[in-house]
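Good morning, colleagues. Please have the sequence and the structure open as I speak.

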Amino acid sequence: MLRKFRVSNFKSFEKDFELDLTEVNGYEFNKDSIKNGIVNNALVYGHNGVGKSNLALAIFDIIEHLTDKQRNEASYINYLNANCTLEFATFYYEFYINDKIVTYEYKKSDYKTILFEKLTINDIEVISFDRSVDKAAKFTLKGTETLKNDIDNSELSILKFVKNNSDLESNPINDAFLSMFSFVEKMLYFRSLLDRTYIGLDVGSKPIFEDIVKKKNVEDFEHFLNSAGIECKLSIVEDIDKKTIAFDFNGKKIPFRDVASTGTNALALFYFWYQNIIETSKVSFVFIDEFDAFYHHSLSALIINKLKETGVQFILTTHNTAVITNDLLRPDCYFLMSKHNILSLSKSTSKELREAHNIEKMYKAGSFYVE
């Protein structure tokens, strides 16, 4: 699980900007939203322009150099913060992996160029490489004794090099190292909009409706739409040498994409990724930007509950205050974001919040504040 994340000098984040998912309260309701003392289900609120989308891009920067999964390089063109005089961005991740605290810190001058990396497991430094000072990397993992350590390629992560070129023996430290890679490779980011942009988990463009057909999930997709309030009957039809999905109007079949509303298409996009999320262990962490941009508030609540049922750790950004309710999550799972800070609602007020409180009403009344 992701415990903490910190970034500086990246896009809109000039100074250290930290998301701490370990600051939880001892609420006795919605306990399933917290796992291992870490927020497992988070909703992020903030005015337009505070950097919610940039937070997602910052968290998923790690995909570029630690994995071979899907990237979106175009989103990282303006990489460094325009106001900062430093020539690098700094990223810090803290994971809870195999009952251990795994921290990974690195610096980049652009999306591909790595200047510094350090990995610690339970406060033990196991890999480090400062290219501005050292000509050789340092690593102490068992099985790396004969591994070359003079890596000239500044676009090659020393962590990825160690993973791919050493025969690591099985021990708790090495297993945590490999499990961290597994976690990162299963991270998924997508936007609940119509551009179908995604980062991580897979590679290449994804034909949404053909994939649902291929996985034999058309009937389940139909049930999902009906449970979301979209009364429909679906069928499989041929469309230019491929199978796709159509609405069935008493025998008259019209391709889904031709008649579906913007909101229904957004639901189809969510369901496409939801297929992966519900597959055991396929997805480790999900970040959905503007997750309910086209949804009615009751549908937003349905989506949150669907994600909660999977058990996957997720972060959603939204402007929809109707889902700020203790019936869904709890005050330490709703986060208020400004340009300089992000805190849970429980940390954004001096008041003691209880289950009976109407936190949406309090939110609208300005009871919560971050600098």
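I begin with a helix pair: helix H6, residues 218–227, packs against helix H8, residues 262–278, at an angle of about 130 degrees, and their axes are 11 Å apart. Helices here are DSSP runs of H or I with at least four residues, strands are runs of E with at least two, and both are numbered from the N terminus. The axes are lines fitted to C-alpha atoms, for helices over the stretch in contact, and angles run from 0 to 180 degrees between N-to-C directions. That angle makes H6 oblique to H8; the scheme counts angles under 35 degrees as roughly parallel, over 145 as roughly antiparallel, 65 to 115 as roughly perpendicular, and the rest as oblique.

On the H6 side, the contact (heavy atoms within 4.5 Å) is made by Asp220, Phe221, Phe224 and Leu225. H8 contributes Thr264, Leu267, Ala268, Phe270 and Tyr271.

A word on the source: this is a predicted model, in which local features need pLDDT of at least 70 and side-chain atom pairs count only at pLDDT 80 or more, while totals for chains, interfaces and linings use all residues. Residues are numbered from 1 along each chain as its sequence is written, and side-chain values use heavy atoms, with hydrogens and water left out.

I turn now to the sheet.

What surrounds strand E17? Strand E16, residues 285–289, pairs with E17, residues 313–317, in the parallel sense over 4 bridges. E5 also runs parallel to E17, joined to that strand by 4 bridges. Leu316 of E17 is the bridge partner of Leu43 and also of Ile288.

Is E17 mostly covered or exposed? The strand is mostly covered, with 5 of its 5 residues buried, where buried means under 20% relative accessible area, exposed over 50%, and partly exposed in between, using a 1.4 Å probe and protein chains only. Gln313, Ile315 and Thr317 point one way from E17, and Phe314 and Leu316 point the other way.

Finally, a hairpin. Strands E8 (residues 114–121) and E9 (residues 124–130) run antiparallel and are joined by 6 bridges. Between them lie 2 residues, and Asn122 in the turn has a positive phi of about 50 degrees.

Methods: Two strands pair if DSSP finds at least two bridges between them.
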